[in-house]
Each structure stands twice: as C-alpha cells, then as structure tokens.
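These are my notes on the model. Please read them with the structure open beside you.

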Amino acid sequence: IYIGAGLLDDSALITDHIAGQQVLVVTNTTVAPLFLARLKVVLQAFNVEVLELPDGEQFKTLESLDMVLTTLIRAGHNRGTTLIALGGGVVGDTAGFAAACYQRGVAFIQIPTTLLAQVDSSVGGKTGVNHPLGKNMIGAFHQPEVVIIDIDVLQTLPSRELSAGIAEIIKYGLINDTEFYSWLESNIASLMSLDAAITSAAILKSCQSKA
C-alpha cells in the first residue's frame with residue numbers, strides 16, 4: 001500500500017505491478033473525466049481498454065460484473081492481463097471480483113479515489129457485488145497486487161463523501177485504538193480540511209488497522 005501526494009502520476013509505481021501488456025481500466029462516469037487521462041499517460045506503453053460503469057451503489061450488481069467480463073472476453077484478454085480499478089468502493093469491489101473470476105483469477109490494482117475506499121474497501125482483498133436479497137452476498141477474497149492511495153484526488157470529493165471516509169477513520173479509533181481516537185480528536189479540523197500530513201497519517205493508521 002502506497003500513500004502520498006501525486007502518486008497517480010508515478011509511472012513506475014503503477015507499471016511495476018502490471019503482469020503483462022494487456023490492461024483493462026475499470027472506472028465510472030464520475031471519476032473518468034477527472035483522472036482517466038492522467039492514468040492513460042502512465043499506461044501509454046500498454047494495450048489499454050477502458051470500461052466506464054455507471055456511478056452509484058445501485059450499480060454494484062451482477063449486471064455490472066458481466067459488463068467487465070464481457071469487455072475482457074471481447075477484447076481477447078489472456079491470463080496475463082491486469083485490471084485497474086480507478087474509483088470508489090463500487091468500482092473496486094466490482095473490478096476486483098471480475099479479476100477473481102476471469103480465467104479463474106488475474107491480477108488487479110486498486111487506485112481508490114474516495115477516502116472511504118482508501119481506508120476500507122481497497123484494503124483486505126474483499127471483492128463482490130450486491131444481490132436484490134442482500135448486500136455483498138456474492139464475491140470472493142482476491143488481493144490486489146498494489147493499492148495506490150493518492151491523497152490529492154480527495155480534493156474533488158463532495159463534502160458528504162469526505163465525511164463518510166472520516167467516519168470510517170473514526171470507527172477504527174473507537175473499535176480498536178484509544179490513542180488513535182484521541183489523536184483524531186486533536187486533529188479533526190486538519191483532517192476535514194485535508195491537511196496533507198494529517199490525512200496521510202490517518203489513512204496509514206486506518207490501513208494498518210484494516211490489514
């Protein structure tokens with residue numbers, strides 16, 4: 001897990017973890033206009049396909065999973081392909097589950113673009129989709145090759161999305177770490193304003209706890 005500013009543009013950090021020449025970037029219609037062009041620059045030496053899923057929890061479905069798998073099959077991706085999840089938790093969970101299923105398992109990379117995904121769903125290898133009868137009822141454990149957490153991308157987050165991530169960070173303190181919780185109380189204003197040092201430290205602690 002790499003945490004820092006400007007990591008989305010760090011070519012070696014990403015390309016060192018790509019298995020072969022084929023890459024499928026799975027993103028969504030909200031994230032793609034913000035960050036896809038920058039990622040494509042990093043991936044210019046590879047054969048890249050892109051799939052933009054609709055944005056929203058309601059699209060974390062078997063239908064979206066089928067879209068990813070169909071894209072892979074139609075483009076002739078082999079077992080050496082790498083999926084890159086560029087987005088929040090829905091994108092990461094769906095792309096990760098597709099990677100777990102395609103030809104019985106291929107590599108994938110997590111580039112989470114929400115604070116909640118950075119401290120929770122991108123870490124630990126939980127992948128899956130929802131079912132009309134229950135959330136996360138269909139899935140697999142499939143570890144990413146690498147998780148790249150660029151704190152700069154958080155500047156585009158709506159305040160509600162930022163609050164959701166901060167709530168998850170606070171939960172780590174409440175559940176497991178009194179000292180971390182006290183630190184959060186002292187630094188919550190800096191975290192809410194996305195101070196680089198405080199944000200990185202909070203994400204690091206959360207990822208360690210999640211792992």
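1. By class, the lining of the largest pocket has 16 nonpolar, 15 polar and 10 charged residues. Here Ala, Val, Leu, Ile, Met, Phe, Trp, Tyr, Cys and Pro count as nonpolar, Asp, Glu, Lys and Arg as charged, and the others, Gly among them, as polar. A pocket is found on a 1 Å grid over the protein atoms alone, as an open set of points where a 1.4 Å probe fits, with protein on both sides within 12 Å along at least five of seven lines; lining residues have an atom within 4 Å of a point.

2. The model is predicted: local features need pLDDT of at least 70 and side-chain atom pairs count only at pLDDT 80 or more, while totals for chains, interfaces and linings use all residues. Residues are numbered from 1 along each chain as its sequence is written, and side-chain values use heavy atoms, with hydrogens and water left out.

3. The volume of the largest pocket is about 970 Å³. Its lining has 41 residues, of which Gly-88, Gly-89, Val-90, Thr-114 and Leu-116 are the closest to the pocket's centre. A volume is the space filled by probe spheres set on the grid points, which are joined across faces, edges and corners.

4. Which elements supply the lining? At least two residues each come from helices H2 (32-42), H4 (89-101), H5 (115-121) and H6 (159-176), and from strands E6 (126-131) and E7 (134-141). E7 gives the most, with 6 residues. Helices (H or I, at least four residues) and strands (E, at least two) are DSSP runs, numbered from the N terminus.

5. Gly-88, in the loop between E4 and H4, is buried, with a relative accessible area of 13%. Buried means under 20% relative accessible area, exposed over 50%, and partly exposed in between (1.4 Å probe, protein chains only). Leaving aside neighbours within four places in sequence, Gly-88 is in contact (heavy atoms within 4.5 Å) with Thr-113, Thr-114 and Ala-117.

6. H4 reaches 18 Å from its first C-alpha to its last, close to the 18 Å expected at 1.5 Å a residue; the expected span is 1.5 Å times one less than the number of residues. Gln-103, which follows H4, has a positive phi, near 45°.

7. Ser-121 is in helix H5. Is Ser-121 buried or exposed? Its relative accessibility is 19%, so Ser-121 counts as buried. Leaving aside neighbours within four places in sequence, its contacts are Gly-89, Asp-93, Gln-110, Leu-116 and Lys-126.

8. In H3, the buried residues are Ser-64, Leu-65, Val-68, Leu-69 and Leu-72. Seen down the axis of H3, these residues fall within an arc of 135°, so they line one face of the helix; the arc is that of the directions from the helix axis to the C-beta atoms. They pack against strands E2 (22-28), E3 (47-53) and E4 (82-87), and also against H4 and E6. The face turned away from the buried side carries the exposed residues Glu-63, Ile-73 and Arg-74. Just after H3, Gly-76 takes a positive phi of about 70°.

9. Glu-161 is in helix H6. Glu-161 counts as partly exposed because its relative accessibility is 36%.
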